[in-house]
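Here is a brief report on one chain. Look over the sequence and the model before reading on.

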Amino acid sequence: MYLEYVSYQCNPAPSRRSFLRTPRSQRERSESTAARLVNVAAQMFGDEGYAAVSTDDIAARAGMTKGALYHHFTDKSALFRAVFVQAQQQLVATLTDSAADAGDGWDGLIAGIDAFIRECQRTSIGRIIVFDGPAILGRDQARVVEDEYVGALLTDALRRLQEAGQMREGDSSVRSRLLLGALCEAAVVVARSPDPVGVRKAVLYEIVTMLDGLRVHKDAMLFSQPRRSDRTT
């Protein structure tokens, strides 16, 4: 009995609380490890490009074994997809903040468009989203992610402009896809230019000019209102 008592005191049965806590802490550690790998990979892919970085390089920079990396991601392309998703999320946050600072309506939309081009002008974001993304994931898979993040943001902005009577009626999702395609191409033009600042201003002007064809201007809105004599007859 004494030996059984000593054994119990030294190795007490785990409480219900410890059973609940242990899986959660393991999950948190796992999520923290995966997040660190994504952050390190994002920095390396952005600075050096996908092709120039190996999983050995990423694991070493993260201070982990290669086995730990493959425990969370099946291969290098799977890790890149997580990086691509994170870049889209960060871009959405930046565009949202820029649009909010500019105000509602067209000013917010134009500010968001300008922010997209400026962000993609940065080597890291531009390389991940505009260049390596479609090449590594494939155009179709990259589009799926784009539609979920930046594409959804643009669709919502265009829809709200229509609801406010500031944009001509049409399919917001189609317009969003066309606009996002134009923005990605604009980012490529800017990135490859010897004068990125000047070219960014030029492409922004052209995109705004094209969008202006869909805009319902205030004078047109006033003109379309029924005249007082029409309302009283």
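How much of residues 54–73 is helix and how much is strand, and how far apart are the end C-alpha atoms?

## The annotated segment

This is a predicted model. In it, residues 54–73 are 75% helix and 0% strand. An unreviewed UniProt entry places the feature "DNA-binding region" at residues 54–73.

## Overall fold

The chain has 13 helices and 0 strands. Its pattern along the sequence is α-α-α-α-α-α-α-α-α-α-α-α-α.

Take the contacts between residues at least 6 apart in sequence: 68% of them join residues at least 24 apart.

## Burial and surface

The chain has 233 residues, and 36% of them are buried. The accessible surface comes to about 14,000 Å². Carbon and sulfur atoms account for 54% of that surface.

## The largest nonpolar core

The largest nonpolar core contains 58 residues. Helix 5, residues 76–102, gives the largest share of this core, with 9 residues. Domain 1 (27–73) and domain 2 (76–216) both supply residues, so the core lies between them.

Phe45, Ile58, Ile113, Phe116 and Ile117 have the most contacts inside the core.

## Around Ile58

Which residues does Ile58 contact, leaving aside its neighbours within four places in sequence? They are Leu37, Val40, Ala41, Met44, Phe45, Val53, Leu69 and Leu79. One of these, Phe45, is listed with Ile58 among the residues with the most contacts inside the core.

Terms used: Residues are numbered from 1 along each chain as its sequence is written. This is a predicted model: local features need pLDDT of at least 70, side-chain atom pairs count only at pLDDT 80 or more; totals for chains, interfaces and linings use all residues. Side-chain values use heavy atoms; hydrogens and water are left out. Helices (H or I, at least four residues) and strands (E, at least two) are DSSP runs, numbered from the N terminus. Buried means under 20% relative accessible area, exposed over 50%, partly exposed in between (1.4 Å probe, protein chains only). Contact means heavy atoms within 4.5 Å. Accessible areas come from the Shrake-Rupley method with a 1.4 Å probe; for residues, only the protein chains shown count as cover. UniProt positions are given in the numbering used here, feature names are shortened, and annotations may be inferred rather than shown by experiment. A nonpolar core is a set of buried Ala, Val, Leu, Ile, Met, Phe, Trp, Tyr and Cys residues joined through side-chain atoms within 4.5 Å. Domain bounds come from an automatic or database domain assignment.
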